[in-house]
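Me: I would like to learn how to read a few features of a protein model, taking them one at a time. Could you guide me through them?

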Amino acid sequence: MTGQNVRWGILATGGMAATFTADLVDLPGAEIVAVASRSSEPAKAFAERFGIPRAYGDWESLARDEEVDIVYVATPHSAHRAAAGLCLEAGRNVLCEKPFTLNTREAAELVGLARDGGRFLMEAMWMYCHPMVRRLKALIDDGAIGEVRTVQADFGLAGDFPASHRLRDPALGGGALLDLGVYPVSFTQLLLGEPSDVVAKATLSEEGVDLQTGALLSWEDGAIASVHCSIVGGTSTSASVTGSAGRIDIPYGFFFPDRFVLHRDGKEAEEFIADPADGSRNTLKHEAAEAMRALRAGETESSLVPLDGTLAVMRTLDAIRERVGVRYPGETH
């Protein structure tokens, strides 16, 4: 696909799909050719809003559309396995929103479909593609703070969400962990890999989803991470990484930072600020650009968001849910 437009299909028409599509419209080399929903009217309205030529009232038609190079799946995460699996089985490449699936079993099934069929598959973990996060990781990899010893990260929303809200609906994979906690867990594992041990506590709702969860992750080399997520209180949504020779602090919005501060032992603090040329701090264009780069290069996985890393994060999320007693309808483990 070197040098040609990448033709996108959008599966779902909710807020996340609209945000992604709005960013995709302005991305050079991206062409949005189709959108699908479970019924025709939302798909047609979405298509008219963004000037998309084809609107489908079912997922199958989009999955079978051979003029679509890659499908962006933006359904609730409880439907990721079904939606992404349908597209992969039909021969489409897929960029699937986070959290990748409800659990590791579903994630492994999608990865198996992609690898067996030679199709590109990537979790839309935009944090991993963000220029400032990539810069931070490069500094740490280069030894700027020595050996990483601790990571702290949190993500909490202040909201009185009713029981009917998707964040509290077990059938939709509700709770703080999968929707918000995936960020601090993914950030931690970007720097330290998969933990060897997980300890966790949570406050559960009457419906059985987690309203807030705290987890302590540890590694055999002695590193420790503290992660927290909440849908009952707005947290600082910050992160700090401490090493044997310094520390990096990221203020509000650690997963899409516009700045961070490097503290090296015995030196003045250094502030790193985002390049204005990279655009808005909260754009999703970087993950789309990475998927397009990989497709043009003939790659079936992203080097920035590798599938083995996605599976490792899902295993940690499963372990946390097991510790706190959250299980979704239909799960057998």
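Me: In which loop does Ala 12 lie?

Reply: Keeping in mind that this is a predicted model, you will find Ala 12 in the loop between β1 (6-11) and α1 (15-25).

Me: Is Ala 12 buried or exposed?

Reply: A residue counts as buried when its relative accessible area is under 20%. Ala 12 has a relative accessible area of 11%, so it is buried.

Me: Where is Thr 237 found, and what is its phi?

Reply: Thr 237 is found in the loop between β10 (224-230) and β11 (239-243), and its phi, near 50°, is a positive value in a residue other than glycine. With a relative accessible area of 3%, Thr 237 is buried.

Me: How should I describe two packed helices?

Reply: Two packed helices are described by the angle between their axes and the distance between those axes. Here, helix α4 (residues 80-89) and helix α5 (residues 104-117) pack at an angle of about 10°, with their axes 10 Å apart. Because angles under 35 degrees count as roughly parallel, α4 is roughly parallel to α5.

Me: Which residues of α4 and α5 meet?

Reply: From α4 come His 80, Arg 81, Ala 84, Gly 85, Leu 88 and Glu 89, which meet Glu 106, Glu 109, Leu 110, Leu 113 and Ala 114 in α5. The residues of this contact divide into five nonpolar, two polar and four charged.

Me: Which residues does a cis peptide bond join?

Reply: The cis peptide bond joins Lys 98 and Pro 99, with omega at about -15°, and Pro 99 has its place in the loop between β5 (93-97) and α5.

Notes:
Residues numbered from 1 in each chain as written. Predicted model: local features only at pLDDT ≥ 70, side-chain atom pairs only at ≥ 80, totals over all residues. Heavy atoms only, no water. Axes fitted to C-alpha atoms, helices over the stretch in contact; angles between N-to-C directions. Helix = DSSP H or I, 4+ residues; strand = E, 2+ residues; numbered from the N terminus. Parallel < 35°, antiparallel > 145°, perpendicular 65-115°, else oblique. Contact = heavy atoms within 4.5 Å. Nonpolar A, V, L, I, M, F, W, Y, C, P; charged D, E, K, R; others polar. Buried < 20%, exposed > 50% of the residue type's maximum accessible area, 1.4 Å probe, protein only.
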